[in-house]
Amino acid sequence: MQNKQALIDSLTGVNSSKNNYYSELKQTVSALENKNTKLSMINNVTKGFHVAMPMEEMLEMVLQSLDQLYPVARISLSLLYDDSLQLTQVYPPDTEVFPVGTTFTKGASVYWEAVHARTPVHMLVADMPSKYAEKRAFEALDLIFTVSLPLYSRGTTLGVLNIAGKEAVESETLDLPFLQQLADQLAVHIENSRLYTQVLKGKQEWEASFSAVQDMLIITDQEGFVTRTNPAAADMLLQSVPDKKPVHITQLFSHVRVETRLAQRLDERLTIQERVCDVSSAPVPHAENGVSGIVFSIKDRTEQLQLEAQLIQSGKMAAMGEMAAGVAHELNSPLTAVIGNSQLLLRDTQTESPEHQLLTDIKNCGDRCRNIVRNLLTFARQDEYTMTSTSLNHAVQQALSLLYYQIERSQIHIETDFAPSLPDFHGNSQEIEQIIINLLMNARDALEESTVSEKRLTLRTFEKNDELHVTVTDNAGGIPPDRIESIFFPFFTTKEVSKGTGLGLSVSLGIAKEHGGTLRVVQSSAEGSTFQLTLPAEREEHHD
């Protein structure tokens, strides 16, 4: 019976069909497994790419992946730059024959052949035309086959990926469509990497420019909370609100209305941390929301205004010097006659006679007038200021001598307390006199407007902690608290137009700083105000 069934199977060909079926099934499964391996390889390579990945690592990853399927020994990347195809990277590095940066010539390069054909170009090195420059490199490395794959992304030609090996491989075995898919993924990554590099470079340039701006820059969101600052503004924020995050713009500028600044550009001058600043703000446009926030530009104008004030004051002093010179010429002649004649008459007058006392008064008044003229010329002369060892008490007394009569004529009692044996300071006597005169004139003006019954002005010098101090105190009623921070700003004044320009204290503060000192209000109340000038004492160097 069994022999009969075997005979029937042999005649009908059933066993033959089964063998063919299983053989085809095995081939199909093998092909699917091979395709899945290749798809998995492309997926793994794509996942391994990232925009900041160096080209060398990228080529190494591709080579290691291809090595699982084909005997690939070398991989290189050439990119297009303005219609110039340049060798960009070779892996492994020891397979580099042409140096990186080598430019390939059209018509004499298999790489250019792939670019023009827009399809993979597979060749055996032995069959490669000798006109191709790459043949010499492949032969030097004992490579047998080479495949050049064009790189395209978004319709743009990027370059060529070349793989080569030391064993001959047929085109059917290589699966050129798969290799081109892998090259396409690489092209996408290269394009993304280029875009990332451009964006990163633009961001770095913007941040560098943003940080390099000397003016303070602050950016807020729509609610007014600070989102970004440059270093100059960061210092100001730390001083204003050191422990508060997030910071709202109103913590810096209390009167700012966010809604108004979101709608339009505004420019104004504000006082920030005792500095005069020009503040400009503008809404930041946004493609989707219309406005994303506000940008503030803050320029510190304090030094500029102080310089302008000093220039104006210098002009006034120059005019005053010319006037003083003219006054001196006009007064010196009659004063010489008055003093000389009074001295002649005194010689011929008995000491006990009434006329002698009158003549003595005339001579003393003449001498006083001559000293006033001399002090005025000394203060206002236009000589170049020099810094020397100077007596503080002498400078204060010189300044007081110019204004003593004016102050006493205003029914103001002057009290002085000059410390003896003060050390000198290194500076310019005339400039320090200018500070003292400004303080005395301000005190006099305040006392003239005061209603106190006994008007008093006290001038004191003393030494403390290796520093010299001058204080000018009046009992005129003090400075309003809201004005103390502003009185040293250029052009700030509470006086009438005819009495002041707002430059005196600003210029005085600048002079004090030039001498390494300070000028400040140390006391202000209903009982009066005290201004204090502080200068570093000059110490003699002792040598053993």
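## Basis of the description

Strands are DSSP runs of E with at least two residues, helices are runs of H or I with at least four residues, and both are numbered from the N terminus. Two strands count as paired if DSSP finds at least two bridges between them.

The model is predicted, and local features are described where pLDDT is at least 70, with side-chain atom pairs counted only at pLDDT 80 or more, whereas totals for chains, interfaces and linings use all residues. Residues are numbered from 1 along each chain as its sequence is written, and side-chain values rest on heavy atoms, without hydrogens and water.

Strands β1 (residues 72–80) and β2 run antiparallel and are joined by 6 bridges. They form a hairpin with 4 residues between them, and Asp82 in the turn has a positive phi of about 55°. Ser78 has Leu87 of β2 as its bridge partner.

Strand β2 also runs antiparallel to β3 (residues 103–104), with 2 bridges between them; here Leu85 is partnered by Phe104 of β3. Of the 7 residues in β2 (residues 85–91), 6 are buried, that is, under 20% relative accessible area with a 1.4 Å probe, protein chains only.

## The five-stranded sheet

An open, antiparallel sheet is built from 5 strands in the order β8-β7-β11-β10-β9. Its edge strands, β8 (226–229) and β9 (266–272), each pair on one side only.

Within this sheet, β10 (residues 275–286) and β11 (residues 290–300) pair in the antiparallel sense over 10 bridges. Phe296 in β11 is the bridge partner of Ser281. Helix α7 (residues 176–212) packs on the sheet and touches β7 (216–221) and β8, contact meaning heavy atoms within 4.5 Å.

How values were computed. Axes fitted to C-alpha atoms, helices over the stretch in contact; angles between N-to-C directions. Buried < 20%, exposed > 50% of the residue type's maximum accessible area, 1.4 Å probe, protein only.
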